[in-house]
Amino acid sequence: MHSGSFAFRPEYRLRKTDEFSSVFSLRRTQRSRHFVIHHGPSGCDGARLGVVVAKRFLKRANARNLVKRLAREAFRHQRPALKPVDIILRLNARPDGLDRKRLREEIDALLARMRRPAAEPSGDPA
């Protein structure tokens, strides 16, 4: 188990039906070619993620699991910079192929829209 800042810990996950329902009911979305992000205020002090990959878009379980892994991985790396929101990433169209790199780039770009505003640059080169 990873204990670093990039771990996908249980408190960063949306699990319960009512957690998903409350985010879906707000109807706030961001779209890309294959995905939709539904988002709303978080019930905790940081961002949380839920992933929905329907069988109608990807019939095979290994393909659905791949998309979920890519989403969780992207979220883990971007979480420290994200606003404190609950995010549901939902596959909304059948991907042409399972190109991991392109799907990951698409997920990264969508999540980047949920980032906190950039802080004023300090003169410190850190």
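This report describes the fold, the nonpolar core and several charged residues of a predicted protein model.

## Basis of the model

The model is predicted, so local features are taken only where pLDDT is at least 70 and side-chain atom pairs only at pLDDT 80 or more, while totals for chains, interfaces and linings use all residues. Residues are numbered from 1 along each chain as its sequence is written, and side-chain values use heavy atoms, with hydrogens and water left out.

The mean pLDDT (the predictor's confidence in each residue, from 0 to 100) of the protein chain is 86, and 87% of its residues reach 70 or more.

## Overall fold

The protein chain has three helices and four strands, where helices (H or I, at least four residues) and strands (E, at least two) are DSSP runs numbered from the N terminus. Read from the N terminus on, the order of these elements is α-β-β-β-α-β-α.

Of the 126 residues in the protein chain, 40% are buried; buried means under 20% relative accessible area, exposed over 50%, and partly exposed in between, with a 1.4 Å probe and protein chains only. Among contacts with a separation of 6 or more, 79% are between residues 24 or more positions apart.

## The nonpolar core

A nonpolar core is a set of buried Ala, Val, Leu, Ile, Met, Phe, Trp, Tyr and Cys residues joined through side-chain atoms within 4.5 Å. The largest one here has 27 residues, and those with the most contacts inside it are Phe35, Phe75, Ile87, Leu89 and Ile107. The elements giving two or more residues to this core are β2 (35-41), β3 (48-52), α2 (61-78), β4 (85-91) and α3 (100-112), and α2 gives the most, with seven residues.

Phe35 shows how such a residue is surrounded: leaving aside its neighbours within four places in sequence, Phe35 is in contact with Gln30, Val67, Leu89, Arg90, Leu91, Asn92, Leu103, Glu106, Ile107 and Leu110.

Arg64 lies in helix α2 and is buried yet has no salt bridge, the nearest side chain of opposite charge being that of Asp96, 17 Å away. In this count of charges, Lys and Arg are positive and Asp and Glu negative, while His and the chain ends are not counted; a salt bridge is a side-chain nitrogen of Lys or Arg within 4 Å of a carboxyl oxygen of Asp or Glu. The side chain of Arg64 does reach the backbone oxygen of Lys59 at 2.8 Å, and, apart from neighbours within four places in sequence, Arg64 is in contact with Val53, Ala54, Lys55, Leu58 and Lys59.

Lys59 itself is found in the loop between β3 and α2 and is exposed, with a relative accessible area of 60%. Although Lys59 and Arg94 are 35 residues apart in sequence, their C-alpha atoms are 9.9 Å apart in space.

Glu19 lies in helix α1 (residues 17-26) and counts as buried at 18% relative accessibility. A polar atom of the Glu19 side chain lies 2.8 Å from the backbone nitrogen of Arg15, and Glu19 also touches Arg13, Leu14 and Arg48, not counting residues up to four places away in sequence.

Arg27 is in the loop between α1 and β1 (29-31) and counts as exposed at 72% relative accessibility. Most residues other than glycine have a negative phi, whereas phi of Arg27 has a positive value, near 60°.

## Salt bridges

The structure holds seven salt bridges. In one of them the side chains of Asp96 and Arg33 meet at 2.9 Å, N to O, and this pair links distant parts of the chain, with Asp96 in the loop between β4 and α3 and Arg33 in the loop between β1 and β2, 63 residues apart. Both Asp96 and Arg33 are exposed.

Another salt bridge joins Arg102 and Asp99 at 3.8 Å, N to O; Arg102 is partly exposed, with a relative accessible area of 45%, and Asp99 is also partly exposed, at 31%. Glu105 forms a salt bridge with Lys101, the closest N and O atoms being 2.9 Å apart, and because Glu105 and Lys101 are four residues apart in helix α3, they are separated by about one helical turn. Glu105 counts as partly exposed at 42% relative accessibility, whereas Lys101 counts as exposed at 60%. Salt bridges that share partners also join Glu19, Arg48 and Asp86 into one network.

Notes. Contact = heavy atoms within 4.5 Å. Polar contact = N/O pair within 3.5 Å; in protein donor to acceptor, adjacent residues only side chain to side chain.
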